[in-house]
Amino acid sequence: MKEAILKEIQQIIPKNRMLTDLQERYAYSFDASFGEYLPELVVQPQTKEEISEIMKLANKYHFPVYPRGSATSLSGGPLPVEGGVVLDLSQMKKKLIIDKENLLAIVSPGVITGDIHRKAEEAGLFYPPDPSSSQVSTIGGNLLENSSGPKGLKYGTTKEYVIGLEVVTPTGEIIRTGGKTVKNVTGYDLTRLIVGSEGTLGIVTEAILRLIPKPKARKTLMATFPKLTDSGYAITNILSAGILPAAMELMDQACIRAVEHFHPLGLPIDAEAVIIIEVDGHPLAVDEEIKMCQEICSRAGATSVRVARDEKERDEIWKARKMVSPAITKMGPTKISEDATVPRSQIPAMMERLQEIKEKYQLNLVVFGHAGDGNLHPNIITDKRNKEEMKRVEDAVGEIFESAVELGGTLSGEHGIGILKAPYMEMELGKAGMMFMKKIKEAWDPNNILNPGKIFPKPGQTRVVLR
Amino acid sequence: MGTSHRETRQLSTSNSLYEMVYDEVNRCIQCGYCLPACPTYESMEKESASPRGRINLVKMAAEGKIDVTEHMKEPIDQCLGCRACEVACPVNLDYGHILESAREAIREEHKKRNRGISFKEFFFSQLFPHSRRLRAAGNLVWAYQKSSLNKIMRKTKRINRILEPMVQMEKALPLVDAPVKRVKPGSVIPAKGETKARVAFFTGCISDAVLHRTNRLTVELLSLVGCEVIIPERQNCCGALHAHQGLKKNARDLAKKNIAAFEHTGADYYVNNAGGCGAMMIEYDKLLKDDPEWNDRAQHFSSKMKDISILLTKFGPLPFQKKWEGVITYQDSCHLRNVQGIHEEPRILLKSIPGATYVELSGSDRCCASGGIYNLLQFDESMKILDQKMGNVKETKAATIVTTNPGCLLQMRLGIERCGQSHVMQGVHLVDVLAEACGVG
């Protein structure tokens, strides 16, 4: 980075919040996905004005700017793929206000999502979006990636809970979108445009979130199925019986075996699928619903259905799900975590496709996911040092994307497009669809300053490259 | 600004680092679950001060992308080694091993480049691991406290400037027993009443030197609950300070000597009262896993080694004599909690004291930033963390703050001094509190 530019940045940001040493910059070269890109400078802004000034400078000198929260992204969202400046927003975390009267939370972007959960619950309220990284991830990162976790089916996704934003635009303007009211039709809905924009259209400097009353009770069950397709029927039958569970998690046989091998919990390794169902709401309704779920699972062919009698048993059930991550990393050091999502009715078909892909490419592929909303997480466990296998992984990942789109689904349910899935955007959106998205980007960011290299493929880029 | 972001530099590759830990650091999935658990990430507010950041830097150094001493050393030096990240890690990464290997690589690199270590590091590395030197130093501390020299020293500004950390620590030192009162190596103390078990007591080098009273009381409590206590001769430092400084070879030598000394006793259990030493010793099996001659013996040793709180709970109840007055709170020893997995027993024991009001300290599971000798090497960072913790301690309104490791104990006493609470608050070892409640002095 040129001395002159550094000097100008120093006019905006105090020296102790500018990280220039090689080791400091390497510490911001990665996220939880794949790839490593060294930024030229890391800046830790504290105010929207500082961010605005930096964006103006970036437009003057044409250097890229990459916003970053806690870097838990699985799609490369914060990776500084073209160098430039990383804006570390994880330290902009002062404001966390719970407005009980209006059922709102007003937060700084660096606030940890899990802290919003805790504060809201202290006030008897509830913020449903709960990605598995919520104890670590910043709310800013959550909103920009629109990641939601297991409760999407009943409570909707993150975007349903964001009603107002303060945003620094790519050209350095400070704007407010939406507000504190649930109803708001004044002009275009820029809030929804920014949420899920993967940090390419603006930097969130404050967010207004909707909260709802906290459900009074919850019940959890675990059911095992000898046939995967039967678990699919159970899921559909529960929903058509008028029950909307808070979570419906699915684990396939490879997952079950990996967990059981890693940490024996007594899971049936012959079963093709295990599902975990949690219902919440009024205590009386919850009791009745869990009973119905239990019956439906048994009728659909479950060999065992276990309802947790207390919190301890609930924790045991969820432990099986939480053990998936550590268990599968025992199979290899590199984990490619996908989130192809299909309409619920297509889950059995998608599961079948994934098995075919697994066999065709001879890979360690395990599937778990949020079955209620069709959001599957096929994970390929491999070793990036093995070039030959990585080639097969690339082909398999490509086929996973193609299958999801063919079945009427989408490339990504919640991880985002980032860098890995960019080449497949046109397949899902078509040429015209892509063009209109690009036009939005160009209108907001004429110099392509903010998070360049994401979402949109490079010219001629048509497939995943992992090597 | 240029477009080439990859910098080309000639960096020294530490192949030993690659061999020691590359497979392990490569297992990190960079999920960041360790971030909220890390005290230095919280206080220093940057990724290089987090476990994920440090693991990545070790990986970068192993790949030769950054230099071991120029780039990796500082972030590694700033790690407390509290290992809270290991508890948070979903893939069970062995951070302790990564950290120690990084320190070993730094040390090797220093040697290769003929660069000396800093005076501070030299001083502490020469003093702590040697029980005879420490015992002599302990005697000096006793003599010093008995004389009026300490009052003069505390007033001497020059000393304050040069060795502020040492002077602050000096204020925190507990009163040391006279040399004649100490438990003698080689002695056997019979159980009071029925003998339920024979236990061999590990005295520890720092404890033996400056927290000698706690050692004596440990033996008395064990005897009270029906343990015959043997003090094995020829035991020495557990090797934790060596291992933490990257001197693995010395640590292995010390481990072997301890194993031999304790095997000799034929005791049912081995017992210690220092969370840090205990953590080191229950990992002797890991330390010696590649040594076929010692592997089995190390495993046997590690499985027998117990923290004092475990044996007192197992063989208790303690014969309490007195009613306790005032609020008690407890600060976990990181190595007791995170490495040995012990957090219930000390609390159970404290709550069992008649009349005691136990108040849980918010953030008691987070490191006090003593970190072995971290508070001496990284004084300012350590004090930042400590002062924040003392804010939480004050909220408990405790008159007694209890710990289970000498380093933590000194640090908490320092914290009490620093926040001006020494007239209403005392920092003591778990054993001291239990002994007092049992009427043993």
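**Exercise 1.** Is the crossing of α1(A) and α3(A) left-handed or right-handed? Determine also how these helices are oriented and which residues join them.

*Solution.* The model is predicted: local features need pLDDT of at least 70, side-chain atom pairs count only at pLDDT 80 or more, and totals for chains, interfaces and linings use all residues. Residues are numbered from 1 along each chain as its sequence is written, while chains are lettered from A and ligands numbered from 1 in the order in which they are written.

Step 1. Locate the helices (DSSP runs of H or I, at least four residues, numbered from the N terminus). In chain A, α1 covers residues 3–12 and α3 covers residues 48–61.

Step 2. Take the angle (0 to 180 degrees, between N-to-C directions of axes fitted to C-alpha atoms over the stretch in contact). For this pair the angle is about 160 degrees, and the axes are 10 Å apart. Therefore α1(A) and α3(A) are roughly antiparallel, a term for angles over 145 degrees.

Step 3. Assign the hand: the crossing is right-handed, meaning that the near helix is turned clockwise from the far one by less than a right angle.

Step 4. List the contacts (C-beta atoms, placed from the backbone, within 7 Å). A:Ile5, A:Glu8, A:Ile9 and A:Ile12 of α1(A) meet A:Glu50, A:Glu53, A:Ile54, A:Leu57 and A:Tyr61 of α3(A).

**Exercise 2.** Which orientation do α13(A) and α14(A) have to each other?

*Solution.* Step 1. Helix α13 (residues 347–361) and helix α14 (residues 387–406) of chain A pack at about 160 degrees, with axes 10 Å apart.

Step 2. The two helices are therefore roughly antiparallel, and the crossing of α13(A) and α14(A) is right-handed.

Definitions and conventions
Parallel < 35°, antiparallel > 145°, perpendicular 65-115°, else oblique. Contact = placed C-beta atoms within 7 Å.
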